[in-house]
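The sequence and coordinates are shown first, and the notes follow by topic.

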Amino acid sequence: MSTLVPVIPENAPFTPEQRAWLNGFIAGILSRAPAPAAAAPALQPVTILFGSQTGTAEGLARRAAKEAGRRGFAPTVMDMAGFTPERLAQEKALLVITSTYGEGEPPDNAKALHAALARAGAPALGGLRFSVCALGDTNYAHFCRCGKDFDAALEKLGGRRAADRVECDLDYEEPFRRWLDTALGALDSGGAAPAAAAKPAPEAAAPASAGPSRARPFPALLLASRNLSGSGSAKQVCHVEFSLEGSGIEYEAGDALGVKPQNCPELVAAVLGALGCDGEEAVPAPEGGTAPLRLALAEHYDLGRPPAELLALFGGDGAGGTAVALHQVVDVLQARADVKLAPADFVRALKRLRPRLYSIASSPKAHPGRVHLTVGAVRYELGGRARKGVCSTFLSDRVVPGESRVGIFLHPNPGFRPPAPAADAIMVGPGTGVAPFRAFLQERRATGAPGRNWLFFGDQRAATDFLYREELEGLRRDGCLTRLDTAFSRDQAEKVYVQHRMLAQAGELFAWLESGAHFYVCGDAARMAKDVEAALHRVVERGGGRSPGQAAAYVEDLKASKRYARDVY
């Protein structure tokens, strides 16, 4: 029994009898007060790092954080930009979600951390448990390379793999969900999944948006598809417009649009002929049930690069010298006409026909209720057969303005936005890479942004390939486009590209950067984007009088401060 501690002091203005009664009364009240509640158990921290070029990995990281919070963790979502190995050494539980772009390169926001982890002297990570979700595209040779690199580097530095790395192709939803469920369970401090985590919540199984999505595109009416290329051009570039009426899609300048294509009927007919089928055979449909073979090949399955599963049915893995000739599914069927497959077995070995992403070429402020694309039709010959880009020729050749409806959805790109109104913008967009910068210029004109705008545009010939020429020259005349530098490679004996124009204006370009300009690049990742970045380094050297090392640091600072952004493919 505890000793009663008086609470009424002896010098209070009460008699001894009154003081005793008050002490007893107060003690009685205190004895009936509930005991303090036990402290809630501390939530287990987990850091979720994302490396993202177009926003997909960032979106998945935020979904992962929502599910982690529901399952008893205290998640922190972090952009890889600015995250150091030293900070990584302080982490105990880590999830990494990263894409790969181009020829096995890290996303821009992941490059610094990727390089730092590979350098000698990186700190030990002995206290770290981690798991990696790698995003990629099997159509590229270095599938999921960046995710593989991070996984290997974390292990080499002493981190312990809590759950195996998962490599996701473009159909990432199901493998991502499985990875997240396994990784969160493994990262629980007890070594098993938290008690609250019997099954992922419904919101973790699908994107939060209830609008059109990759899985549920909106059937948008095609309003226009017109050729931008002049007579005699070696290319065909089309300006495409969709109505957004009834879609619920709200985009921003810098975003991309997903388009659900259909395969060329001629290619479908060639595949049916090689199979010896009439196209009416019932085969499995990707979403369940069955569909006629012709319809399935036209709308649901990819007839491009043969997947390993299909090659295995023909007794090979595609790694031999003949793989070069096996460019499309039809090549495999014709090369091995001796192998007969049942239609159902054939389609089970194919991948789904995936949507294609295009940089949006319009501002919603300038074109409310509409969205524009700039699409270069892909055509070439290989192995004696004419080849076509699936989506590009679908939009250029087979859809009918005013009649056709095409499945579309929004693919946000939050890392690629026009700068603040007062800031200057330097935009490098040769060919169809001009698309998002048309959107930027429309946006800045519509909002009256006072910042200056400088566009570098290039293509083959000015007479036939100067995309949006009248519009761009009009923007220059009215002052919205402060400078327009062009490079047409075939208009003179020596080829001239946008990077050459940059170097010719090194002093002025560096002055813009010094005054706070943002630098943007859009277009081909394999060559152009690399050449432009190399030119940017030389611009800083020449225009700023910097050494190569100082120029490299300057460019890295531009990236870290979000003043250098790329939309490359």
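A salt bridge is defined here as a side-chain nitrogen of Lys or Arg within 4 Å of a carboxyl oxygen of Asp or Glu. The model is a predicted one, in which local features need pLDDT of at least 70 and side-chain atom pairs count only at pLDDT 80 or more, while totals for chains, interfaces and linings use all residues. Residues are numbered from 1 along each chain as its sequence is written, and side-chain values use heavy atoms, with hydrogens and water left out.

**Salt bridges**

- Side chains of opposite charge can pair when their charged atoms come close.
- Across the whole structure, a search finds 39 salt bridges.
- One of them joins the side chains of Arg71 and Glu67, with an N to O distance of 3.7 Å. Both Arg71 and Glu67 are buried (buried means under 20% relative accessible area, exposed over 50%, and partly exposed in between, with a 1.4 Å probe and protein chains only).
- Arg226 pairs with Glu241, their closest N and O atoms lying 3.9 Å apart. This pair links distant parts of the chain, from strand S7 (residues 218-227) for Arg226 to strand S8 (residues 237-243) for Glu241, 15 residues apart. Helices (H or I, at least four residues) and strands (E, at least two) are DSSP runs numbered from the N terminus.
- Arg226 counts as partly exposed at 42% relative accessibility, whereas Glu241 counts as buried at 9%.
- Arg452 and Asp424 form a salt bridge whose closest N and O atoms are 2.7 Å apart. Arg452 lies in the loop between helix H13 (435-447) and strand S18 (453-459), and Asp424 in the loop between strand S16 (405-411) and strand S17 (425-428), so the pair ties together parts 28 residues apart in sequence.
- Arg452 is partly exposed, at 31% relative accessible area, and Asp424 is buried, at 9% relative accessibility.

**Model confidence**

- The average pLDDT (the predictor's confidence in each residue, from 0 to 100) is 89, and 87% of the residues score at least 70.
- Residues 1-5 have a pLDDT below 50, and beyond near neighbours in sequence this stretch has one contact in the model (contact means heavy atoms within 4.5 Å).
- Residues 318-323 also have a pLDDT below 50, with two contacts in the model beyond near neighbours in sequence.
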